[in-house]
Amino acid sequence: MSNAMNPTPTQSLDPSAPGRYSKRPKYSRFTQQELPACKPILTPKWVISVFMLVTIVFVPIGLASLFASQAVVEIVERYDDACAPSGTRSDKVRFIQSDANKTCNRTLTVPKHMKQPIYVYYQLDSFYQNHRRYVKSRSDKQLRSRKDENAVSTCNPEDNNVNGSTIVPCGLVAWSMFNDTFSFSTGNDVQLPVTKKGISWKSDRDHKFGKDVFPKNFQNGSLIGGARLNESIPLSEQEDLIVWMRTAALPTFRKLFGKIEVDLQAGDTIHVIVQNNYNTYSFDGKKKLVLSTASWLGGKNNFIGIAYLAVGGLCFVLAVAFTIIYLSKPRRLGDPSYLSWNRNPSGH
């Protein structure tokens with residue numbers, strides 16, 4: 001009886017040691033959170049210094065980005081309304097689906113010197129390329145390799161034609177390819193050639209579109225969605241298709257049509273002959289032609305510069321405000337008299 005009540009010599013008297021049936025984990029510095037750690041104390045000087053450092057870094061970046069964006073020369077011309085007869089939407093849809101002549105002439109004026117290369121884009125508004133069913137209606141396996149020509153299970157409804165033959169490239173994305181065309185000339189009737197070489201991503205040409213894959217049974221149905229493809233040229237060399245197949249995330253987007261490799265001077269007049277073939281009238285979409293130069297930051301985009309300036313300016317204001325507060329009402333770090341129970345010991 002006495003042996004059961006008293007610890008044996010082999011039993012530990014250390015109350016912190018786990019017993020035989022204890023669920024307490026074995027002691028380690030990791031489980032007890034005793035590993036070395038950085039615990040910075042955010043003193044007023046440190047906070048003010050950090051805000052000033054962010055200001056010093058962000059403001060110059062914002063200014064450089066904004067100046068680079070402002071240096072980009074951009075011409076935007078909406079042509080869908082001007083290149084269709086006036087009237088209701090039904091009238092415009094009837095026109096775009098007819099066999100009528102859809103040639104349209106537009107005149108642009110260069111506002112500032114535009115240094116080559118000048119990028120030619122087409123812009124579509126209210127075109128939801130990010131729609132789930134639309135995005136899925138394609139076959140990347142078929143685009144890559146000729147041996148997967150019949151891999152069209154994901155291409156519905158543009159997988160096979162009325163005769164049951166496989167469509168290459170299949171799917172709604174390829175079927176709806178943009179097919180308006182543009183040709184440019186100066187006021188002296190000097191043609192401005194548009195280069196199509198290198199307008200797509202090199203990785204897409206080399207890895208996503210096969211050199212042995214050729215268009216087949218494409219746009220052979222009764223309902224034509226967009227551009228036709230040359231069946232003697234492999235998909236890896238049809239860069240208009242490659243550009244179009246990289247679907248956009250937003251309903252308003254631009255895609256590269258080509259490059260003009262000639263400088264344009266301020267005041268130059270550009271005559272544009274537009275073949276207005278693409279139907280955006282059915283869904284109240286808009287079509288725009290964009291001519292733009294580029295900077296080290298890319299195209300015209302003021303948002304990045306404004307964002308950097310906004311963050312840098314906010315940090316500067318906070319740094320000044322904290323400095324004024326610190327100088328006007330200084331207090332000792334870690335002063336316990338500022339604790340609520342010490343400032344109001346009665347609890348009222």
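**View 1. Lining of the largest pocket.** In this predicted model, 22 residues line the largest pocket, and Ile224, Gly225, Gly226, Asn277 and Asn279 lie nearest its centre. The space inside is about 620 Å³. Sorted by class, the lining holds 10 nonpolar, nine polar and three charged residues.

**View 2. The second largest pocket.** By class, nine lining residues are nonpolar, two are polar and five are charged.

**View 3. Helices at the second largest pocket.** Helices α2 (44–70) and α9 (302–328) each supply at least two residues of this lining. The most comes from α2, which gives four residues.

**View 4. The five-stranded sheet.** The sheet is open, and its strands run in the order β1-β9-β3-β7-β6. Pairing is antiparallel. Strands β1 (74–78) and β6 (194–195) stand at the edges. Each has a single partner strand, so one side of each is left without a neighbour in the sheet.

**View 5. Pairing of β3 with β9.** Strand β3 covers residues 118–125 and strand β9 covers residues 286–292. The two pair in the antiparallel sense over seven bridges. Within this pairing, Gln123 stands opposite Lys288 in β9. Strands of a sheet pair through backbone hydrogen bonds, in either a parallel or an antiparallel sense.

Notes: Residues are numbered from 1 along each chain as its sequence is written. This is a predicted model: local features need pLDDT of at least 70, side-chain atom pairs count only at pLDDT 80 or more; totals for chains, interfaces and linings use all residues. Side-chain values use heavy atoms; hydrogens and water are left out. Two strands pair if DSSP finds at least two bridges between them. On a 1 Å grid over the protein atoms alone, a cavity is a set of points where a 1.4 Å probe fits but cannot get out, and a pocket is an open set with protein on both sides within 12 Å along at least five of seven lines; lining residues have an atom within 4 Å of a point. Grid points are joined across faces, edges and corners, and a volume is the space filled by probe spheres set on the points. Ala, Val, Leu, Ile, Met, Phe, Trp, Tyr, Cys and Pro count as nonpolar, Asp, Glu, Lys and Arg as charged, and the others, Gly among them, as polar.
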